[in-house]
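Colleague: Could you walk me through this one? I would like to go through it piece by piece.

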Amino acid sequence: MNIKGTRKTAIFLLTVALLVMYVTGRNFLAMRQPDVVIPADGFEKRMLSDWFQGIGNTPADTPVFIQEGQEPGGTVLILGGTHPNEPAGYIAAVLFLERAQVQKGRLIVIPFANNTAFTHNSPQEGYPQYIRFLLPDGSVRTFRYGSRDTNPVYQWPDPDIYVHEPSGQRLAGSEMRNLNRAYPGQPHGVITQRIAFAILELIRKEDVDLAFDLHEASPEYPVVNAIVAHEKSLELGAMAAMDLEGRGIPFRLEPSPRNLRGLSHREWGDHTDVMAILMETGNPIQGRLRGRTNEALALTGKDKFYQKAAKLGSLFIPYEDDQPIALRTARHVTAIMTFLEMLGFISEEKSVIVNNIPDYNDIIDKGIEAFLLSIS
């Protein structure tokens, strides 16, 4: 049957197409708006380009917050947002940023390490664009749920094979946009390599003693609910893991593999004097076994397919009904505070004392919402 369209039909369809383009384009561009954070008193805001001008005036530049206590001590770096689809990492960094009162030493917080990766998400994964927290006063805090990798708008095309510099390790081409495969970075490389170089420059120039890179991983991934430590930080990691185990918060302690290159826990330790730590929590929205993928899953971690997988013994984390973001964030926050305590045992000179951070049970019982500040 031959159906002929009319001019009105063509105009209608064109109008619908333009409307769809407008709405989707607006939503896409909205993710370029930075998340609002409210630094606690005493934090000084700088930009990562202060340590390496090669990312100045680019979308890669990102805020760095520094607070110094009244007593001299060591320097600790907390890095969130290496992978913006791992929200417990950057939410933990934001909690430190908005609540920390540094008594001794210095605390440096970079909540959104790969700023470009926050400007897009992975629609083929069905991921949400945002996660939201309803605060006790009725206001809402919104954070972008970004992508694992640098926005291809700012780094394209991907090579067929990514050859890591300087090790020569060969990876899939898309890994060239993965900040946690880019260290030690290249000052004249692509934008992801320059971000990595800038972070390493900060660690060097600020003489950082202990640095954390906060991540999440799928429940079926073997290295999850884990502390990955460079050999320089293994003793400290063992002390922290034993203390956490005694408090009923188990963390696996994993040594950083020498032949897996480009990762923070390896390259930070190899190229600077810092004690490097990467931490993983278990997040069902990142796994391959998940069902419906939406904001609720990112926040609650509740998924019937993971409940089934847990009963079959297929997971590497305890999983009964859920794995909420409050639990995942509490693990990061509590582990960092435990490391700080252990750092003081190892070296009084390098100790860092941070007050006003909620403890593990408070975060779980009251939720993230109780500890974020209102922006209304």
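Colleague: Which residue caps the N-terminal end of helix α7?

Modeller: Aspartate 303 does, with a side-chain oxygen 2.8 Å from the backbone nitrogen of phenylalanine 305, at the start of a helix that covers residues 304-311. A polar contact here is a pair of N or O atoms within 3.5 Å, where, within protein, one must be able to donate a hydrogen and the other to accept it, and residues adjacent in sequence count only if both atoms are side-chain atoms. Helices (H or I, at least four residues) and strands (E, at least two) are DSSP runs, numbered from the N terminus. Just after α7, glycine 313 takes a positive phi of about 75°.

Colleague: And what are the ground rules for the numbering and the model?

Modeller: Residues are numbered from 1 along each chain as its sequence is written, and side-chain values use heavy atoms, with hydrogens and water left out. This is a predicted model, in which local features need pLDDT of at least 70 and side-chain atom pairs count only at pLDDT 80 or more, while totals for chains, interfaces and linings use all residues.

Colleague: How many helices and strands does the protein have?

Modeller: The secondary structure comes to nine helices and 13 strands. The C-alpha atoms fill a box of roughly 85 × 50 × 45 Å, taken along the principal axes. The radius of gyration is 21 Å, which agrees with the value near 21 Å for a compact globule of 376 residues; that radius is taken over C-alpha atoms, and the globule rule is 2.2 Å times the number of residues to the power 0.38.

Colleague: On to packing: at what angle do α2 and α8 pack?

Modeller: Helix α2 (residues 87-99) and helix α8 (residues 325-346) pack at about 55°, with their axes 9 Å apart. Axes are lines fitted to C-alpha atoms, for helices over the stretch in contact, and angles run from 0 to 180 degrees between N-to-C directions. That angle makes α2 oblique to α8, given that angles under 35 degrees count as roughly parallel, over 145 as roughly antiparallel, 65 to 115 as roughly perpendicular and the rest as oblique.

Colleague: Which residues of α2 and α8 make the contact?

Modeller: From α2 they are Pro87, Ala88, Gly89, Ile91, Ala92, Leu95 and Phe96, and from α8 they are Ile325, Arg328, Thr329, His332, Val333, Ile336 and Met337, where contact means heavy atoms within 4.5 Å. They divide into ten nonpolar, three polar and one charged; Ala, Val, Leu, Ile, Met, Phe, Trp, Tyr, Cys and Pro count as nonpolar, Asp, Glu, Lys and Arg as charged, and the others, Gly among them, as polar.

Colleague: How far apart are the axes of α4 and α8?

Modeller: The axes of α4 (residues 234-246) and α8 are 9 Å apart, and the helices pack at about 125°, so α4 and α8 are oblique to each other. Residues in this contact include Leu236, Met239 and Leu244 of α4 and Phe339, Met342 and Ile346 of α8. By class, the contact of α4 with α8 has ten nonpolar, three polar and one charged residues.

Colleague: Changing topic, where are the cis peptide bonds?

Modeller: One joins tryptophan 156 and proline 157, with omega about 0°, and proline 157 lies in the loop between β6 (140-144) and β7 (161-163). Another joins tyrosine 183 and proline 184, with omega about 5°, and proline 184 lies in the loop between β8 (170-172) and α3 (191-205).

Colleague: What phi does aspartate 207 have?

Modeller: Aspartate 207 has a positive phi of about 50° although it is not a glycine, and this residue is found in the loop between α3 and β9 (210-217).
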